[in-house]
Amino acid sequence: MKPRWLGLLAIVVLVMATFGMLGLWQLNVARDKGQVEQIRAAPTRPVADLAAVLSPHSAFPDDGTGRRITVTGRYDGSGQVLVAPRRLRGQAGYWVVTPLVVSPGGGRIAVVRGFVTDPRQALAPGSAEVTVTGTLAPGESPTTDGPRADPASPAGQMAVLDLSLLVNRWPGALYNAFVFAATEQPDVTAAASPVVQRVPPPALAGGGLAWRNAAYAFQWWVFALFTGYMWWRMVRDDHEDGRDNLKNSYVRSTLTPVGETRKASNV
Amino acid sequence: MSEQVRPIRDVAAARKALGFFKVMAIMAGCALVVLIVIIVINGGFGKGGLSEVWSPIHGFIYFVFVASIANLGFKVGWSLRRMVLTMMSGFVPVLPFFIERKVAVEVQGQLAGQADQDAPVALPSD
């Protein structure tokens, strides 16, 4: 083994490691896209009962985002908060978020009942039993955006729908999710304040075919293996050349025809 | 780039490797042109559509092209530098077509030259 082959091996290993990592990256992209596909497909799945998807205090399911669910309970108007600033159809305003005490069970789930442009329009609904149908979403990421991050601020406002803050504000067990209400039976929100507009669940943009990235991942690995093969082949050829040269010099000294050595070296 | 090379060990195998390389060079060249046409029609990179389907296929064709270069290069005694440069020609639109011509002429000359060389050397043995 000549030193230059070892040097080349170092480069080959580096290239293989790089290609291997690029393959892993594409595999992760493929996985992420697969997840996005799943989430995009979620709204087309049949409406499920909340209890079948999620229970209080348990982790938000991977395939939960965008699932349409139905849940029955009574609103607790005293726990209502506003999330601002939010926009709907070009207008700045507030999300009206009210805890729904789920029956049976008694756990609370945050329901985005709608959108208002003025906090005074967000009148709390009555406590009659109501069946909410809507779209499930995981809690929003916490923010450190000043006093509004605190639901205990005078106006009862939050910058984001942060469930870790609501769990302290609302009594009892909390669901690790919130619901974009689409309809209520009976429509207690419209009864309390007709100007409240429903908030459509956010549309998921982007996405693409995951198998394409999986194919890219596979191709990177094939190229990595091929690099290793190239190295091995070069070392082997060099080794055989060395043997040929030895043989040829021996052959010439004993005056054996060259044609025969050629045949012999055709392995 | 055309540094002198060691003699071809197996002329028949080298000839076959050259044929394989020629086919793959044309295919890789066409695959890249098709990919670019698709991307232009779609109006840019990452716009999805047909390029989503074609890019992995192009990738596969390119890999076989790379394999055909190594297969030929080892048989006709190319340097690593030459092989890598030829492989990279597959990234440049239309270039594989010119490379295919250049390599074909050169290797055919090499094969013919070697056939001439082999004959007189073998003669004195009789």
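**Figure 1. A:His57 sits in the loop between α2 (50-53) and β2 (68-75) of chain A.** Remember as you look that this is a predicted model. The backbone angle to check here is phi, which is near 65 degrees for A:His57, a positive value in a residue other than glycine. Most residues other than glycine have a negative phi. Is A:His57 buried or exposed? A:His57 is exposed, because 11 other C-beta atoms lie within 10 Å of its own, and the cut-off for exposed is 12 or fewer.

**Figure 2. A:Arg89 belongs to the loop between β3 (81-88) and β4 of chain A.** What is phi of A:Arg89? The value is near 50 degrees, again positive in a residue other than glycine.

**Figure 3. A cis peptide bond links A:Ser103 to A:Pro104.** Now for a peptide bond. Most peptide bonds are trans. In this one, omega is about 0 degrees. To find the spot, follow chain A into the loop between β4 (91-102) and β5, where A:Pro104 is placed.

**Figure 4. The peptide bond from A:Gln185 to A:Pro186 is cis.** Here omega is near -5 degrees. Where does A:Pro186 lie? Look for A:Pro186 in the loop between β8 (174-185) and α4 (188-192) of chain A.

**Figure 5. Confidence in chain A is highest in strand β5 and lowest in helix α6.** Strand β5 (residues 108-116) has a mean pLDDT of 91, whereas helix α6 (residues 258-265) has a mean of 44. Residues 251-267 of chain A have a pLDDT below 50, and this stretch makes 17 contacts in the model beyond near neighbours in sequence. Where pLDDT is low, the predicted coordinates should not be read in detail. For chain A as a whole, the mean pLDDT is 79, and 84% of the residues reach 70 or more.

**Figure 6. Chain B has four helices and zero strands.** Starting at the N terminus, you can trace the elements of chain B as α-α-α-α. What share of the 126 residues in chain B is buried? Buried residues make up 25% of them. Looking at contacts in chain B with a separation of 6 or more, 73% are between residues 24 or more positions apart.

Conventions: Residues numbered from 1 in each chain as written. Chains lettered and ligands numbered in written order. Predicted model: local features only at pLDDT ≥ 70, side-chain atom pairs only at ≥ 80, totals over all residues. Helix = DSSP H or I, 4+ residues; strand = E, 2+ residues; numbered from the N terminus. Buried ≥ 20, exposed ≤ 12 C-beta atoms within 10 Å, placed from the backbone. Contact = placed C-beta atoms within 7 Å. pLDDT = per-residue confidence, 0-100.
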